[in-house]
Amino acid sequence: MSGGDIKLVGFLCNWCSYAGADMAGTSRMAQPAEMRIVRLPCTGRVNPLLVLKAFQEGADGVLVSGCHPGDCHYNEGNYYAHRRLELLSRMMAVYGIEPERFRYTWISASEGARWAETVTGFTETIRPLGRLNLAGGGARDDDHHQGPAAGSASPAEKR
Ligand code: FES
């Protein structure tokens, strides 16, 4: 599939979703190329500020994915993640980010096809939205955008 010019970041837990994404890759399942994956020990380690930082640094969409509820390798990490990420998703508009640009999900190591469907669906959601402009005024007009304009508040500072 074409790369387009949007940039997506995926924060994936090592034990489930990263392994699922790896399975999709090794099984040669078709999936978009816009996603850059960051492997983490557990979604319980995903501080909401990390997601906002990704947007500030140029991501046009951020996906967090971990083990299904009850399957976290650290027992409760994804329960903590769920609380934080649900609150974060409800706050996106406050930060000037369309809520569709952020998604979290649960995908196991055996669900390579589910990963491929999820990343494809997420990419197809973000493509029509185009580039994110945190400074306001619509989509970015070039690939060299480095975040909000000088002097404007970062997403974290807008709280
Ligand atoms: Fe996967 Fe905790 S180890 S979400």
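Trainee: Which residue in E4 does serine 65 stand opposite?
Mentor: This is a predicted model. Strands E3 and E4 run parallel and are joined by five bridges. Across that pairing, the residue opposite serine 65 is threonine 105.

Trainee: Which residue stands opposite serine 65 on the E1 side?
Mentor: E1 and E3 also run parallel, with five bridges between them. In that pairing, serine 65 of E3 faces leucine 12.

Trainee: Are the residues of E3 buried or exposed?
Mentor: Gly61, Leu63 and Ser65 point one way from the strand, while Val62, Val64 and Gly66 point the other way. For the residues pointing either way, the answer is buried.

Trainee: Which residues have the most contacts inside the largest nonpolar core?
Mentor: The core has 41 residues.

Trainee: Leaving aside neighbours within four places in sequence, what is valine 51 in contact with?
Mentor: With its neighbours within four places left out, valine 51 is in contact with Val46, Val62, Val64, Leu88 and Phe102.

Trainee: Why is H1 described as largely enclosed by the rest of the structure?
Mentor: The buried residues of H1 are Ser17, Tyr18, Ala19, Gly20, Ala21, Met23 and Ala24. What covers them includes E1, E2, E3 and H4. H1 is largely enclosed because the buried share of its ten residues is seven.

Trainee: Are H1 and H4 roughly parallel or roughly perpendicular?
Mentor: Their axes are 7 Å apart and the packing angle is about 90°. Angles of 65 to 115 degrees count as roughly perpendicular. H1 and H4 are therefore roughly perpendicular.

Trainee: Which residues in H4 does H1 meet?
Mentor: From H1, the residues involved are Ser17, Gly20, Ala21, Met23 and Ala24. By class, this contact has five nonpolar, three polar and one charged residues. On the H4 side, the residues met are Gly112, Arg114, Trp115 and Ala116.

Conventions
Residues numbered from 1 in each chain as written. Predicted model: local features only at pLDDT ≥ 70, side-chain atom pairs only at ≥ 80, totals over all residues. Core = buried A, V, L, I, M, F, W, Y, C linked by C-beta atoms within 7 Å. Buried ≥ 20, exposed ≤ 12 C-beta atoms within 10 Å, placed from the backbone. Contact = placed C-beta atoms within 7 Å. Helix = DSSP H or I, 4+ residues; strand = E, 2+ residues; numbered from the N terminus. Axes fitted to C-alpha atoms, helices over the stretch in contact; angles between N-to-C directions. Parallel < 35°, antiparallel > 145°, perpendicular 65-115°, else oblique. Nonpolar A, V, L, I, M, F, W, Y, C, P; charged D, E, K, R; others polar. Pairing = 2+ DSSP bridges.
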